[in-house]
Amino acid sequence: MRTVTSQGVTLHVQVDGPDSGPVVMLANSLGTDIRVWDPLLPFLPTGVRIVRFDKRGHGLSDCPDAPYDMDTLVSDAEAVIDTLGLKDIAFVGLSIGGLIGQGLAARRPDALRALVLMDTAAKIGSPEMWQDRIAGLRAGGISSMADAILDRWFAPEMRNDAARLAPWRNMLTRTPIEGYIGCCAAIAGADFTQSTADLTLPVMAMAGSEDGSTTPEMVQATADLCNAAFHVISDAGHLPCIEAPEKVGKLISEFLKEVGHV
């Protein structure tokens with residue numbers, strides 16, 4: 001088990017694949033840990049070096065008290081990159097992971113060679129919306145909002161399959177409340193509209209057709225900012241890497257070939 005220290009916080013890191021392989025770095029969504037990528041891994045190109053990390057407050061990483069800010073979360077990802085000596089990275093960011101990716105691409109163009117934005121946007125919601133959500137979480141915990149969150153995460157077929165849904169509900173509700181709220185605060189203060197419009201590296205964006213958190217329209221608007229190719233994943237919600245891993249893997253693989261990463 002690997003760890004990286006960022007500003008006194010210990011982050012859990014998972015590395016798979018050959019040390020000499022082209023790097024694909026994965027950053028997951030709010031309320032999930034690195035296991036959200038497990039269904040996708042078999043469909044990524046062979047021979048790549050896959051680097052995953054749990055955000056602060058999630059998975060096996062430390063959970064400092066809320067709030068967090070996006071600059072700190074970007075610095076955490078940067079610490080992983082610098083500690084592991086990663087270069088020429090294709091960064092895949094899901095939801096808040098996509099915000100981290102946008103911030104990282106603007107800050108470290110020397111480290112990233114390509115960016116995949118999955119069910120994310122340059123700005124997600126409003127500060128008022130997130131403060132309302134934080135107040136609700138403080139009052140009732142994550143479990144009180146779990147049904148509404150899962151409705152946004154998944155398409156009806158997945159939501160109606162109790163056995164398939166249960167592990168993801170457990171992952172969500174077992175997320176430390178301080179970690180979840182801390183990341184909500186980071187999203188509330190994040191707006192990468194201008195810096196994402198200024199990006200020059202290759203970018204691809206995708207969204208689940210049934211996403212209730214970052215709608216396809218929101219994701220496409222961000223794709224348009226940076227002249228990114230945009231794809232809709234049919235019959236998938238906010239986490240298409242779970243519901244449609246083969247489709248997502250095919251799109252990522254084709255993109256990585258187009259940009260010469262594999």
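Student: In which loop is S61 found?

Tutor: A loop is placed by the elements on either side of it. In this predicted model, S61 is found between β4 (49-53) and α1 (70-84).

Student: Is S61 buried or exposed?

Tutor: Burial is read from relative accessible area, with under 20% counting as buried. S61 has a value of 8%, so it is buried.

Student: What does the side chain of S61 reach?

Tutor: The backbone nitrogen of H12, at 2.8 Å. Leaving aside neighbours within four places in sequence, H12 is also among the residues in contact with S61, together with T10, L11, D54, K55 and R56.

Student: How many residues does the largest nonpolar core have, and which have the most contacts inside it?

Tutor: A core is read as a set of buried nonpolar residues joined through side-chain atoms. Here the largest one has 97 residues, and M25, M70 and I252 have the most contacts inside it.

Student: Which residues is M25 in contact with?

Tutor: With neighbours within four places in sequence again left out, the partners of M25 are V51, F53, A77, V80, I81, L86, I89, A90, F91 and V92.

Student: How much space lies in the largest pocket, and which residues are closest to its centre?

Tutor: The volume is about 230 Å³. Of the 17 lining residues, W130, R133, R152, S213 and H238 are the closest to the centre. Two or more lining residues come from each of α3 (127-140), α4 (146-153) and α7 (177-188).

Student: How do the residues of that lining divide?

Tutor: Nine are nonpolar, six polar and two charged.

How values were computed
Residues numbered from 1 in each chain as written. Predicted model: local features only at pLDDT ≥ 70, side-chain atom pairs only at ≥ 80, totals over all residues. Heavy atoms only, no water. 1 Å grid on protein atoms, 1.4 Å probe; cavity = no way out; pocket = protein on both sides within 12 Å on 5 of 7 lines; lining within 4 Å. Points joined across faces, edges and corners; volume = space filled by probe spheres on them. Helix = DSSP H or I, 4+ residues; strand = E, 2+ residues; numbered from the N terminus. Nonpolar A, V, L, I, M, F, W, Y, C, P; charged D, E, K, R; others polar. Core = buried A, V, L, I, M, F, W, Y, C linked by side-chain atoms within 4.5 Å. Buried < 20%, exposed > 50% of the residue type's maximum accessible area, 1.4 Å probe, protein only. Contact = heavy atoms within 4.5 Å. Polar contact = N/O pair within 3.5 Å; in protein donor to acceptor, adjacent residues only side chain to side chain.
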